[in-house]
Amino acid sequence: MEKPGDPGALKLAEVPDPQPTPGFELVRVTRAGVNFRDLHMRENGYLDPVGYPLIPGCEVVGVASDGRRVAALVPHGAYAEKVLAPKELTWDIPDDVSDEQACVLTLQGQSAYHLLFTTLDLQRGETVLVPAAAGGLGSLAVQLAKTEGIRVIAMEAGESRQQLARDLGADAVVDSSTADELDERIVEAAGGRLDAALAVAGSPALAPSLKALTPRGRMAVFGCASGKYDPMLLDPLVAESKTIRGFWLRTLFADPDYPVHLMDSMEALCELVQSGQLKPLVGAVHDLSTAIWAHVAVNEGRVCQATGKIMLDPTRPDPSSPGVAYESRPAAPSVSIGWGGL
């Protein structure tokens with residue numbers, strides 16, 4: 001994309017292959033995750049400054065130049081056939097973890113893991129509130145918490161999504177479609193004690209969730225699907241010694257041990273998938289030519305209309321090509337095809 005804008009700003013273009021660079025792996029992309037971060041970058045509203053022209057996307061699964069199956073986090077450029085991935089943010093994927101499952105784990109899985117166990121330091125027997133519990137990060141957080149013996153109170157809107165949260169293991173579900181007495185309903189569902197909570201920045205459920213926390217309870221605030229942030233809520237912080245901690249996965253990179261931390265957590269996530277204790281929710285898989293609709297689908301998640309991880313498959317031919325089936329994968333061309341306009 002050459003400038004920020006609505007989904008129509010995404011344009012399919014042919015660009016030169018990225019050139020190998022010290023400290024980076026050249027990855028042939030088989031899946032690219034589509035996230036709210038991509039939407040904010042497309043609109044030039046992300047936390048980091050964004051330069052244009054830009055190929056969006058920060059999350060890839062693919063094949064390294066030596067044939068290894070890998071998952072990686074990248075600054076941008078994932079919506080393409082090939083991308084350069086930082087070696088310290090590239091992880092090998094076991095053969096029995098699918099590309100789709102690995103894509104779910106790469107950003108949302110790592111975020112859910114470190115929200116629960118690094119930021120909130122949750123312990124067995126505690127109770128945590130998980131918003132958007134049928135969503136990408138929330139669904140993983142529910143399951144991860146349960147594997148560690150943590151009681152989960154899920155928040156969701158709509159009966160089907162509430163039932164999905166129950167199926168994932170939530171001990172109780174609170175209807176988040178209305179803010180009326182939400183804090184009281186959370187406290188009741190938690191049985192009078194809520195040790196910790198996840199909250200989305202800008203969400204109308206943030207203030208009631210904070211109010212519902214037990215004195216000395218703690219909250220981790222992440223993301224910003226709404227694009228808005230709340231002012232600081234001082235009364236419950238001071239009056240009841242509660243704690244709010246912000247979370248951005250990138251801040252772990254400032255830790256000199258972050259490659260070890262992220263490698264360990266990725267291995268743990270894959271092992272839980274292999275054992276069947278963690279079931280990543282996979283949604284629609286689009287080809288690059290329909291990336292616009294992938295952005296529309298992710299945006300619909302703001303109003304609880306989309307379920308499962310939305311991703312792109314750069315190996316899939318343009319469906320408008322006559323006589324080309326999904327399984328027919330043409331030989332790699334001499335240029336990478338990506339959403340850019342470079």
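These legends go with a set of close-up views of one predicted protein model.

The model is predicted, so local features are reported only at pLDDT of at least 70 and side-chain atom pairs only at pLDDT 80 or more, while totals for chains, interfaces and linings use all residues. Residues are numbered from 1 along each chain as its sequence is written, and side-chain values use heavy atoms, with hydrogens and water left out.

**Figure 1. The whole protein, before zooming in.** Nine helices and 15 strands make up the secondary structure; both kinds of element are DSSP runs numbered from the N terminus, with helices being H or I of at least four residues and strands being E of at least two. Of the 342 residues, 51% count as buried. Buried here means under 20% relative accessible area, exposed means over 50%, and partly exposed is what falls in between, using a 1.4 Å probe and protein chains only. As for contacts (heavy atoms within 4.5 Å), take those with a separation of 6 or more: 70% of them come from residues 24 or more positions apart.

Figure 2. Val29 sits in strand 2, which covers residues 24–33. With a relative accessible area of 1%, Val29 is buried. Leaving aside residues up to four places away in sequence, Val29 touches Val60, Val61, Gly62, Ala78, Ala80, Glu81, Lys82, Val83, Pro314 and Thr315. Asp313 is 284 residues from Val29 along the chain, yet their C-alpha atoms are separated by 7.8 Å.

**Figure 3. Asp99 and its polar contact with Arg69.** Asp99 belongs to helix 2 (residues 99–119) and is buried, at a relative accessible area of 19%. Its side chain makes a polar contact of 2.7 Å with that of Arg69. For the record, a polar contact is a pair of N or O atoms within 3.5 Å; within protein, one must be able to donate a hydrogen and the other to accept it, and residues adjacent in sequence count only if both atoms are side-chain atoms. Not counting residues up to four places away in sequence, Asp99 touches Thr30, Arg31, Val61 and Arg69.

**Figure 4. Helix 2 packed against helix 3.** The two axes are 9 Å apart and meet at an angle of about 50°. Axes are lines fitted to C-alpha atoms, for helices over the stretch in contact, and angles run from 0 to 180 degrees between N-to-C directions. Helix 2 and helix 3 are therefore oblique to each other, oblique being whatever is left once angles under 35 degrees are called roughly parallel, over 145 roughly antiparallel and 65 to 115 roughly perpendicular. On the helix 2 side the contact is made by Val104, Gln108, Gly109, Ser111, Ala112, Tyr113, Leu115, Leu116 and Phe117, and on the helix 3 side by Gly136, Leu137, Leu140, Ala141, Leu144 and Ala145.

Figure 5. Helix 4 spans residues 159–168, with Arg161, Gln162, Ala165 and Leu168 buried. Seen down the helix axis, these buried residues fall within an arc of 120°, so they line one face of helix 4; the arc is that of the directions from the helix axis to the C-beta atoms. Glu159, Ser160 and Asp167 are exposed on the other side. The cover over the buried residues includes helix 3, strand 8 (151–156) and strand 9. After helix 4 comes Gly169, with a positive phi near 120°.

**Figure 6. Thr127 in strand 7.** Thr127 lies in strand 7 and counts as buried, at 7% relative accessibility. Setting aside residues up to four places away in sequence, Thr127 touches Arg151, Ile153, Ala190, Arg193, Leu194, Asp195 and Ala196.

Figure 7. Ala132 has a phi near 45°, a positive value in a residue other than glycine. Ala132 is in the loop between strand 7 (127–130) and helix 3 (136–147), and is partly exposed at a relative accessible area of 41%. Glu181 is not a glycine either, and its phi is positive, near 50°. Glu181 is in the loop between strand 9 (172–175) and helix 5 (182–189), and is exposed, with a relative accessible area of 53%.

**Figure 8. Gly223 and Arg37.** Gly223 is in the loop between strand 11 (218–222) and helix 7 (234–239). At 42% relative accessibility, Gly223 counts as partly exposed. From Gly223 to Arg37 is 186 residues in sequence but 8.4 Å in space, C-alpha to C-alpha.
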